[in-house]
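Okay, thanks for coming, everyone.

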Amino acid sequence: MKSIVLYTEKIEKRFGGVIALREGTIEVRSGEVLALVGSNGSGKSTLTKVTTGVLSSDGGTIFYHDEPVTYTNPMAAQRAGIMAVYQELSLIPSLTVAQNIWLANEPKTKFGSIDEKTMNEKTAKLLTLFTGTFQSSFHPEAYVRDLPPDERQIVEILKAYSRKPDVLILDEATASLDSKQVSCLFDLVQLLKSENKGLVFVSHRMDEIFRIADRAVILRNGKTVGEVVLSESNEDEVVNMMVGSTVSLTRALSSGIDFTDKESVLTVENVANERLSGVSFDIKQGELVGIGGLRGQGQSTLLHTLFGNNRYTGKITLFDETLTFDHPKDAMDHGVALIPGDRATEGLLLLRSIFENLHLPNWAKYSRPFLKVKSAYSDAEGVSQQLNLVMESLDSPVSSLSGGNAQKVVIGKWLLRNPQLLLLDDPTKGVDVGTKSEFYKLLGKLQQSGTTILFHSSDEQELLDLCERVLVMQDGKVKADLSGDQLTESNLVFHSMGATNNNNHYEESTHA
Amino acid sequence: MPERNKSKIAQWWRNLNVRHSLGLSLILLVLTTVLYFILQPNIARSGTITRLLTSNFRTWLPVILVTIGQAIVILGGGLDLSNGSIVSVGNVILALTVTTTDEPGKNMLMVLVVIAFGLVAGLLNGFFTAYLGLQPVIITFASSFVYSGLALLLLPSPGGDIPREYTSVYRSTQVLGIPLALIVIVLAILIWSFFRQRKYGRFLFAVGGNDKAAYTTGVPVTWMKISTYVISGLLASLAAISYTLLTGSGLSSSGNDMTLASITGSVLGGISMSGGAGSVIGAVFGGIILGNIRNIISTLKLDSWWRTLVNALLIVLVLAGPGLINLIRGKKK
């Protein structure tokens with residue numbers, strides 16, 4: 001048996017009244033990848049943060065190389081050799097890629113000053129680990145503020161790797177990466193494994209867990225509920241341990257409605273701006289249309305443009321009315337709602353209460369003649385029940401919620417407006433299986449009640465499960481409009497990759 | 001990515017702006033300096049320029065020193081509204097105690113007392129803001145009243161008399177024709193450049209850029225923040241010493257104008273108010289620009305409220321500048 005590098009014994013952590021972690025027990029062995037799985041709010045992130053000294057624990061013991069240790073800050077843990085790639089990025093936007101990677105670990109000249117040249121060279125070398133998966137504007141001296149999320153994530157990974165840790169924790173490190181980038185990361189993980197490092201892999205993507213990890217520890221409600229050797233297990237078993245019961249991922253499929261005769265709700269003609277170059281499509285009343293493609297191909301920009309956040313040239317027609325949205329308020333007044341992907345910065349006031357967040361866009365409704373707080377409160381209660389929100393009370397701050405529940409608040413605040421057109425920007429990123437399936441049900445309900453939905457997701461399976469029609473974007477254009485028999489995984493991938501002619505590989509994969 | 005089509009100068013200019021945000025302050029520095037010299041009647045006469053430089057730099061030195069301190073605090077993501085009051089206290093202590101040249105030992109000790117006061121005052125600011133995590137604006141605004149109250153307590157009405165021997169050292173010392181005040185400024189820049197290239201500089205920008213991220217990366221965020229206030233206090237005490245040598249007397253409100261000037265100077269010098277971007281050299285430029293504006297207004301014999309007006313307009317203009325430019329270009333974020 002391989003030696004144990006890190007052992008956390010019954011770690012506890014409370015945030016105010018909420019217990020985030022009650023018995024976090026994991027065993028990390030050298031030369032092995034341990035997957036840490038669990039629904040959102042099960043305490044995975046908390047456990048990794050306690051282990052790396054970002055949070056202090058309220059109980060339990062950490063053994064590192066068989067010695068009990070207490071790290072009161074990340075610096076101490078890093079010196080000891082425990083590093084993490086965090087879910088919420090730990091990068092400084094105003095510094096360059098190289099400066100971020102080597103922050104607090106800078107190479108020095110013999111005069112003691114920072115050796116920028118060596119630093120940039122070393123960074124360029126590190127970047128070769130991900131060669132071919134990023135844009136040419138991504139180089140050691142580029143500023144992090146100018147990078148898209150996937151490239152930031154790569155910086156984050158390389159930053160942790162460059163410190164040569166004994167234990168490396170990857171907390172949702174693949175969430176923003178495309179499949180090629182994930183492959184590069186896994187090569188890196190294999191390399192570290194062969195160097196006898198201990199690795200912890202936190203992910204919601206089941207296929208990745210089975211691809212890269214050797215063992216899995218399952219957390220539920222802040223408690224370690226089991227451990228499996230993955231080669232002797234299967235996805236169903238792991239999912240069942242996670243949720244405690246069997247959950248069906250797929251929505252009661254297909255509304256079976258023929259949309260060809262329906263009225264157009266949204267017509268987009270040749271819309272272009274900085275990230276979009278001539279987008280045209282048409283959506284019918286009550287349709288649920290997916291937007292797919294590789295990450296960062298203009299999907300988010302398209303949604304934000306429809307919501308009045310970006311300027312554009314071209315023509316957008318909504319309910320037979322040509323629109324010139326200059327501001328999100330214009331879009332809101334026309335019954336358009338946008339649920340953003342980055343919930344922390346675009347969707348929520350983290351310190352304010354759940355109630356306030358839910359009603360942020362809705363106060364006008366309750367304002368005549370005086371503010372009707374009571375009826376607003378009962379509406380908020382209704383929505384929180386509809387969403388199955390797990391919370392202390394409506395008055396607790398949003399920051400006390402787990403990631404999945406916080407995302408529900410973002411959705412809830414727009415539901416209160418009864419939107420006609422709902423724009424969703426990768427809303428299930430980093431959301432656990434249980435929340436996802438609830439969310440899918442909710443979308444189904446909305447669609448049945450006549451809401452038209454435009455849904456961007458970076459998860460291909462999700463698009464296939466949910467949508468009857470998917471627009472595949474590449475380089476700011478709609479590359480393909482897939483529906484019916486055309487809508488297959490291979491077609492989706494094929495168009496995402498930007499292939500233009502039907503080569504053999506494509507033929508094989510579609511007709512296989 | 002190097003842009004091959006652009007000329008070297010264009011690239012240098014871009015680098016100056018993107019890396020050091022110095023472009024605008026450089027333009028303002030040149031503009032105000034040229035305007036100031038044009039307005040001088042005897043500019044063509046030999047020796048005028050040297051004389052003007054000497055007298056100007058010794059006048060500007062206190063403000064430039066507090067501006068450098070302020071710039072470092074702002075770079076680290078804070079704000080120091082008490083630096084002017086620290087200058088007042090230092091000025092009052094010196095004016096009260098340094099009255100003869102008979103006891104050089106005691107005089108030296110008092111200079112050290114002033115410096116120690118600056119350090120302790122900065123440490124207190126840092127403790128409350130960084131260690132206890134309270135709002136810098138509120139804490140340093142409150143502490144500014146404590147310090148200026150102390151100054152008023154020590155010296156209720158203007159007074160004190162610094163021996164001429166000392167003031168003339170400050171006024172007329174030159175090394176190789178370079179006035180003392182300018183040497184101090186160059187020295188300050190050199191010391192900064194030394195630290196800029198080291199851990200301290202990198203950590204400072206990291207903390208100002210995103211303190212949470214810096215913390216998870218292993219940067220000692222609290223200590224970095226405290227240190228910026230201590231440095232600001234230290235520079236304020238040095239400003240107090242130079243101000244006292246310049247005026248030769250004590251005034252309990254001597255530093256009052258310097259707080260706003262230090263913020264204006266930092267902003268003019270391209271320091272981002274949200275922290276993490278800018279350069280200390282810019283702060284020096286900012287201090288000089290303010291000095292030029294002051295001189296231009298007095299040369300034109302305008303009322304002194306013009307100075308306040310122009311300073312205020314400049315702050316608004318510089319802070320709103322990037323947004324206005326984007327608005328004109330028709331861009332939206």
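This is a predicted model: local features need pLDDT of at least 70, side-chain atom pairs count only at pLDDT 80 or more; totals for chains, interfaces and linings use all residues.

Residues are numbered from 1 along each chain as its sequence is written, and chains are lettered from A and ligands numbered from 1 in the order in which they are written.

Strands here are DSSP runs of E, at least two residues, and helices are runs of H or I, at least four, numbered from the N terminus. Strands pair if DSSP finds at least two bridges between them. S3 (residues 32-37) of chain A runs parallel to S8(A), with 5 bridges. S7 (residues 167-171) of chain A is also parallel to S8(A), again through 5 bridges, and there A:Leu168 partners A:Leu199.

Now, why is S8(A) largely enclosed by the rest of the structure? Because 5 of the 5 residues in S8 (residues 198-202) of chain A are buried, meaning 20 or more other C-beta atoms, placed from the backbone, within 10 Å of a residue's own. A:Gly198, A:Val200 and A:Val202 cover one side, A:Leu199 and A:Phe201 the other.

A word on confidence. pLDDT, the predictor's confidence in each residue, goes from 0 to 100. Chain A averages 81, and 88% of the residues score at least 70.

Technical notes. A residue is buried if 20 or more other C-beta atoms lie within 10 Å of its own, exposed if 12 or fewer, and partly exposed in between; C-beta atoms are placed from the backbone.
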